[in-house]
Amino acid sequence: MDKFVIRGGNRLKGQVAIDGAKNAALPIMAAALLAEGPCDISRVPALADITAMSDLLGELGASVEHADGRMRIEVRDESNSHAQYERVRKMRASICVLGPLLAKRGQARVSMPGGCAIGARPVDLHLRGLRALGAQIELDNGDIVAKARRLRGTSLFLGGPFGSTVLGTANVMSAATLAEGRTVIESAACEPEIEDLADFLNAMGAKIRGAGTPRVTIDGVEKLAGCPHEVIPDRIEAGTFMVAAALTNGEVTLTNARLDHLMAVVDKLREIGVNVEPSAGGAVVSSARRLEPTDVTTQPYPGFPTDLQAQLMTLLCLADGNSVITEKIFPDRFMHVAELLRMGADIRKEGPTAIVTGVRRLIGAPVMASDLRASAALVLAGLVARGTTEILRVYHIDRGYERIEQRLNALGADIQRVSE
Ligand code: EPU
């Protein structure tokens, strides 16, 4: 298992290119199961989760080739439609294959995902949506077993206690492309990753309107063809590098970043004193002074993303006063708090809220990565902490950021990856 050894205190300066979005690429890869013929997807990042999805698609009869950001997926054999526990346990996004398998093959068996480090994470809304399309779904030996001769379009409501569901919307929207008649999804997730998936499906021949809004209309078609597609830039990775620039009083130019996907984040960063200037294909992010505290609540898109909550917390640990962070998507997503406390942060947790009192400095310590974004927050903390920070279990960060240490080092950071 690798660990990171970070010597803090360096100012980050330079340019970094943002990768394609993991959370757009994963449902897009799963949706390639719907196509007759090859799909050529570009800007697919080289990440552990992408490899896991490639392996799963391989088991489901697709050939997957991935090199230099380009991926070709072609289904060769439709006889196995079982996503096994071993796969789903390692990556929850495996649930994305449920809708495409059901719609294309008339059946699917997908292991029920369990909880994970960020909370319980049920899939009841995915199942409710697919049932509304006429699927018969039951649980057998820990697997979701779904069947349907042909799905039927209908109007359905996909909201839940925490708002919309991103992968639930992906599953139902993908399945509805091959349903008979019109499907209208109300309270659909509006995330850019859903819009990207709809663009991919439309390029395959689907008829989807309204993706990116709470009402998505899908007119079913008989079949879908392979097509090329370029994945959108990763807004969470861009936001993470923005925080890195702000924390180190640096100046970082992001290229291949979509500021229009980051409005809530840019607004918050500007409010606390970070400079964010749009530039060709991205932004220049800099900061030259101690930041102001703020209040922030995570929300579905276009609100402030839960996937940047931990990173913003690290930034606010060094602001000049008290900040309040409320997590409305995954109320237990605070695994980073205990680790930041080990580095000298002053954070008090009250239910889904964290009260962060800014300190003058963080101090290096050995800490443990627990999930992807919590790990990113710890790497950021290590960049500014006095002394050396060791981050154990960095495989969590490799799931979502390609060569993060090399890219931060190119900006002036001092991070070593050490194999234990
Ligand atoms: N929910 C339900 N029932 C469901 C589905 C979701 O109650 O059937 C709840 C969840 O428990 C949560 C809320 O609804 O409280 C939103 O969950 P959502 O379904 O939107 O999450 P997801 O689709 O499973 C994706 C991302 C996450 C990201 C969330 C929220 C992927 C592969 N994952 O998960 O990304 O945090 O949307 O934006 O796209 C990450 O990249 O680190 C990550 C965890």
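Colleague: Which strand is Asp143 found in?

Modeller: Strands here are DSSP runs of E with at least two residues, helices are runs of H or I with at least four, and both are numbered from the N terminus. By that scheme, Asp143 is in strand β10 (residues 143-147). Before we go on, this is a predicted model: local features need pLDDT of at least 70, side-chain atom pairs count only at pLDDT 80 or more, and totals for chains, interfaces and linings use all residues. Residues are numbered from 1 along each chain as its sequence is written, and side-chain values use heavy atoms, with hydrogens and water left out.

Colleague: Does Asp143 count as buried or exposed?

Modeller: Buried means under 20% relative accessible area, exposed over 50%, and partly exposed in between, using a 1.4 Å probe and protein chains only. Asp143 has 7% relative accessibility, so it counts as buried.

Colleague: And what does the side chain of Asp143 make a polar contact with?

Modeller: A polar contact is a pair of N or O atoms within 3.5 Å; within protein, one must be able to donate a hydrogen and the other to accept it, and residues adjacent in sequence count only if both atoms are side-chain atoms. For Asp143 the partner is the side chain of His82, at 3.3 Å. Leaving aside neighbours within four places in sequence, Asp143 is in contact with His82, Arg109, Val110, Ser111, Met112 and Glu138.

Colleague: On to the ligand. Which residues around the ligand come nearest?

Modeller: A residue is near a molecule or strand if one of its heavy atoms lies within 4 Å of it. There are 23 residues around the ligand, and Asp124, Leu125, Thr165, Asp307 and Ile329 come nearest.

Colleague: What polar side-chain atom lies 2.6 Å from an oxygen atom of the ligand?

Modeller: That one belongs to Asp307. For Asp124, an N or O atom of the side chain is 2.7 Å from a nitrogen atom of the ligand, and for Asn23 a side-chain N or O atom is 3.0 Å from a ligand oxygen. The ligand has 830 Å² of accessible area on its own, and the protein covers 91% of that; such areas come from the Shrake-Rupley method with a 1.4 Å probe, and for residues only the protein chains shown count as cover.

Colleague: Which helix gives the most to the shell around the ligand?

Modeller: That's α5, with three residues. Four helices, α1 (22-31), α5 (124-132), α6 (166-176) and α12 (372-384), each supply at least two residues of the shell.

Colleague: How many residues of the shell are nonpolar, polar and charged?

Modeller: Ala, Val, Leu, Ile, Met, Phe, Trp, Tyr, Cys and Pro count as nonpolar, Asp, Glu, Lys and Arg as charged, and the others, Gly among them, as polar. The shell has eleven nonpolar, five polar and seven charged residues.

Colleague: Where does the ligand lie relative to domain 1 and domain 2?

Modeller: Domain bounds come from an automatic or database domain assignment. The chain is divided into domain 1 (2-19 + 233-419) and domain 2 (22-230). Both give residues to the shell around the ligand, so the ligand lies between them. The C-alpha centres of the two domains are 30 Å apart, and 25 residues of domain 1 are in contact with 19 residues of domain 2.

Colleague: How many residues of helix α10 are buried?

Modeller: Eight of the eight, residues 309-316, so α10 is largely enclosed by the rest of the structure. Among them are Gln309, Met313 and Leu316.

Colleague: And the backbone? Which residues does a cis peptide bond join?

Modeller: Most residues other than glycine have a negative phi, and most peptide bonds are trans. Here a cis bond joins Tyr301 and Pro302, with omega about 10 degrees. Pro302 lies in the loop between β20 (295-297) and α10.

Colleague: What is the phi of Asp68?

Modeller: Near 50 degrees, a positive value in a residue other than glycine. Asp68 sits in the loop between β5 (62-67) and β6 (70-75), and is exposed, with a relative accessible area of 81%. Asn249 also has a positive phi, near 50 degrees. Asn249 is in the loop between α8 (235-247) and β17 (251-255), and is partly exposed at 32% relative accessible area.

How values were computed. Contact = heavy atoms within 4.5 Å.
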